[in-house]
Amino acid sequence: MPELLEVSDLVVRFPTPIGDCDAVRGVSFSVAAGERVGLVGESGSGKSVTAQAVMRLIAPPGRIAEGQVRWAGEDVLGYDRRSLQRWRGAQAAMVFQDPLSSLNPLVRIGRQITETLRQHLGLDARTATARAVELLTKVGIPDAAARLRDYPMVFSGGMRQRVAIAIAVSCSPRLVIADEPTTALDVTVQAQVLDLLDEMAAEAGTAIILISHDLGVVSSFCDRIVVMYAGRIVETGTTDQIIGDPRHPYTRALLDSIPRMSGVLPDRLPFIPGGPPAAGTRTPGCAFADRCALAVEHCREHDPALLPLTTHDRREAACHLVDGSLAHARSSDSGRRNTP
Ligand code: SF4
């Protein structure tokens, strides 16, 4: 599949009282047309910041300090305001964890949908309204024509997320980035919202980047998974490779922390001990070393690079012990030290 989105060596920097902090540190990945890619990692791993950078939504004083974002070969970071506006919505759209952050609470739902349709597709008012009713019906909003006059606050969390998905897919974008779209919803509604996203994307051949802290959710939805830790990618592979043969200790820990629904429930739900390094406090070696049961001295001194594990697909890992011994270490030393 040809690449639709290519992110290369992305660095996103935020000033802090103790100096600049790189929330995303040299991230590279790509998404092909129609592909579903999961970005997974704990809170603070840089996955949402990566998505915001792709959409050029990093709020100052944060900034994209290095790297490239290419869309079908075009330089997204070079788009002027007008090109960016045209690209967002028509080509690439985003669904947020809290739909209220993308819906205007003071504007009726109908107007929010029709404005998007009129701006990007040039529809007249009557056609845009008819399309809005069609979209709301499709995403499961009962009595859609009457609900066009409602304000976002009138809808439940699950219904608001349905409206946000309707707006995101309204112009048939080629990519939707869904950032924790189900985290704020209860479990039954979560499944419905993911099914809806699945259905809408399949119908239009839309590629999806699904961002989640939950490897279980991502594995049920995505073709490929990118695992992030402390602002970097630590493993990539197909969903089968990541779930069936995880090669990075952090990926294995994420898998182990998915609660099992069979057998006797443990007293305490599984979790990964410790926490990611605080922003701006990078150590010279592997950022996961303090939480990794396999860590050896070499890990604490040398930052492992993300290296291909195969020659024929995008299977990569950043770990000195990926082959079970330090034999891999020399080639996986990134040659650079983590800096705050
Ligand atoms: Fe663990 Fe070392 Fe691999 Fe880092 S490089 S994940 S510390 S084994």
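Reader: Which residue is the bridge partner of Leu5 in E4?

Author: Strands of a sheet pair through backbone hydrogen bonds, either parallel or antiparallel. Here the bridge partner of Leu5 in E4 is Trp71, where strands (E, at least two residues) and helices (H or I, at least four) are DSSP runs numbered from the N terminus. This is a predicted model, in which local features need pLDDT of at least 70 and side-chain atom pairs count only at pLDDT 80 or more, while totals for chains, interfaces and linings use all residues. Residues are numbered from 1 along each chain as its sequence is written, and side-chain values use heavy atoms, with hydrogens and water left out.

Reader: How many bridges join E1 to strand E4, and how many join E1 to strand E2?

Author: Two strands pair if DSSP finds at least two bridges between them. Strand E1 (residues 3-16) is joined to strand E4 (residues 63-71) by seven bridges, running antiparallel, and E1 also pairs with strand E2 (residues 19-32) in the antiparallel sense over eleven bridges. Val7 has Phe29 in E2 as its bridge partner, and two residues lie between E1 and E2 in the hairpin that they form.

Reader: Which strands stand at the edges of the open sheet of eight strands?

Author: The order of the open sheet is E6-E7-E8-E3-E9-E10-E12-E11, with mixed pairing. Strand E6 (92-95) and strand E11 (307-308) are at the edges, because each has a single partner strand, so one side of each is left without a neighbour in the sheet. For E11 the partner is strand E12 (residues 316-317), joined to E11 by two antiparallel bridges, and Pro308 stands opposite Glu316 in E12.

Reader: How do the residues of the shell around the ligand divide into nonpolar, polar and charged?

Author: Ala, Val, Leu, Ile, Met, Phe, Trp, Tyr, Cys and Pro count as nonpolar, Asp, Glu, Lys and Arg as charged, and the others, Gly among them, as polar. The shell here holds eleven nonpolar residues, two polar and no charged. Of the 13 residues around the ligand (a heavy atom within 4 Å), Cys286, Cys292, Cys299, Cys319 and His320 come nearest.
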